[in-house]
Amino acid sequence: MRRLALSLALCAAPVWGAGAEDFVTLKGHGGPVMALAVDDEDRVASASFDNTAAIWQGDSPTWLEAHDAATTAVTFGPRGALFSGGDDFAIYRWQQGQPQEIGRHAGKIRALDVSLDGAFLASASWDGTIGLWSLNGGTGQQITVGAGVNDVRFDAKGRLFAATMAGQVQVYDTPDATPRLLAEQGFGINRLVLSQEGWLAYGAVDGGTRVIDMETGAQIADFTLDRRPILALAYHAQSQQIAVGDGHGYIMMIDTRNWTIARDFRAMREGPVWALAFSRDGSRIWAGGIHDVIYGWPIALMDSHQAAGNETRSFLQAPETMSNGERQFMRKCSICHDLNDAGQRRAGPHLAGLFGRAAGSLPGYRYSRTLLQSDLIWTDETIDALFDQGPDHYIPGSKMPMQRITAPTDRQDLIDYLKTATKLPEDD
């Protein structure tokens, strides 16, 4: 498709001390960035694999810690409230930094959206339901969809649109109504954006970015490229642009006035684009992915910037550069754990001084009740059993994701590596 330059009147007002033409980074998370949102005050909210959400004013984050697993969804609501959902199945409302649990699913939560009147929060879950939670003191309900739900969006009429893992876009005119099937295809649909002009765009596992009529389902445009899957969508109504993020690290900008690709930019040097959000004025696109950093590109100058992520994540290092024990750690453990007490935010506690340490005993980390009540001591034998059986069998109820190392020699190599890498200086 031919490329056009967006003829947008981009605001030159500074973004938190940076000019609209400046590339900006927000640093502080200790894991991949899974979701982003921006409010009317241009605050950025982020959700991360490190189990936290954050609200950024300037480059200073307010950390929001309540989830017991990866935080995967954020959205702003009335009166400055932020809502977050995670792999722990829980939904929290945050006001002045304090959490209130307002709902819970039986599976991981993938998306959240607040109705335009501020009365309801909708949640999409892999348990095959949509949660509909009253924000005015009423009771909530869950709508059975029959397939995992990846995204939910309210339109201006209060109708609810859902994207499913079964490749459907469904429309609920009311919560109790039988859903209408607006679109169906052979691949799961990951993301939705809606417009007040009557169209809907969706991004799918097959790499398709398709635009359809919200009433009839008739196709308006198809921006399918040979990059898959589509993992993130964002829409800015005033500047009439859609941002599309995919598994190859590209951000594609679509001009909805003439349905053309205005820009197609390699945004991430490594890994996918999992999260996108426009600044309030539409001059900047915020993006998150495999790195711990949130990147903010000025849209007018995107093509003049290099792909972000110069430093290679530890778990992406070339296998031939590491011993087998280090390779096992990088693949199975490094996304959640640091080897030393560097003070970096991570989903799991640091491993410095691991051998001989009681499980659940490191000060300052929010352990599961299972580990807090455990009498487990980390030794050669218990670490071997952990990876032989897997955390969900060896210590069921902990926060640890399912990780197994089936070969005894690989487990022993990991243990030998950890004995050296986690040794404290005073133990020498």
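Here is a short tour of this structure, stop by stop.

**Before you start**

You're looking at a predicted model, where local features need pLDDT of at least 70, side-chain atom pairs count only at pLDDT 80 or more, and totals for chains, interfaces and linings use all residues. Residues are numbered from 1 along each chain as its sequence is written, and side-chain values use heavy atoms, with hydrogens and water left out.

**Stop 1: the whole protein**

Show everything as a cartoon. The protein has 5 helices and 28 strands; these are DSSP runs numbered from the N terminus, with helices (H or I) of at least four residues and strands (E) of at least two. Its radius of gyration is 22 Å, close to the 22 Å that the globule rule gives for 428 residues, so the protein is as compact as a globular protein of that length. (That radius is taken over C-alpha atoms, and the rule is 2.2 Å times the number of residues to the power 0.38.) Of the 428 residues, 57% are buried. Buried means under 20% relative accessible area, exposed means over 50%, and partly exposed is in between, using a 1.4 Å probe and protein chains only.

**Stop 2: a hairpin**

Strand E12 (residues 129–134) pairs with strand E13 (residues 141–144) in the antiparallel sense, over 4 bridges; pairing requires at least two bridges found by DSSP. Look for Thr129, which sits opposite Thr144 in E13. Between the strands are 6 residues, and in this hairpin Gly137 takes a positive phi near 90°.

**Stop 3: Pro179**

Next, pick Pro179, in the loop between strand E16 (168–172) and strand E17 (180–184). Pro179 is partly exposed, at a relative accessible area of 35%. Not counting residues up to four places away in sequence, Pro179 touches Gln170, Val171 and Tyr172; a contact means heavy atoms within 4.5 Å.

**Stop 4: helix H1**

Now colour helix H1 (324–332). Since 7 of the 9 residues of H1 are buried, H1 is largely enclosed by the rest of the structure. Among those buried residues are Phe329 and Met330, and helix H5 (408–421) is part of what covers the buried ones.

**Stop 5: Arg357**

Finish in the loop between H1 and helix H2 (369–372), where you'll find Arg357. Which side chain of opposite charge is nearest to Arg357? That's Asp341, 8.5 Å away, and the buried Arg357 has no salt bridge (a side-chain nitrogen of Lys or Arg within 4 Å of a carboxyl oxygen of Asp or Glu). Instead, look at the backbone oxygen of Ala352, 2.8 Å from a polar atom of the Arg357 side chain.

Notes: Lys, Arg positive; Asp, Glu negative; His and termini not counted. Polar contact = N/O pair within 3.5 Å; in protein donor to acceptor, adjacent residues only side chain to side chain.
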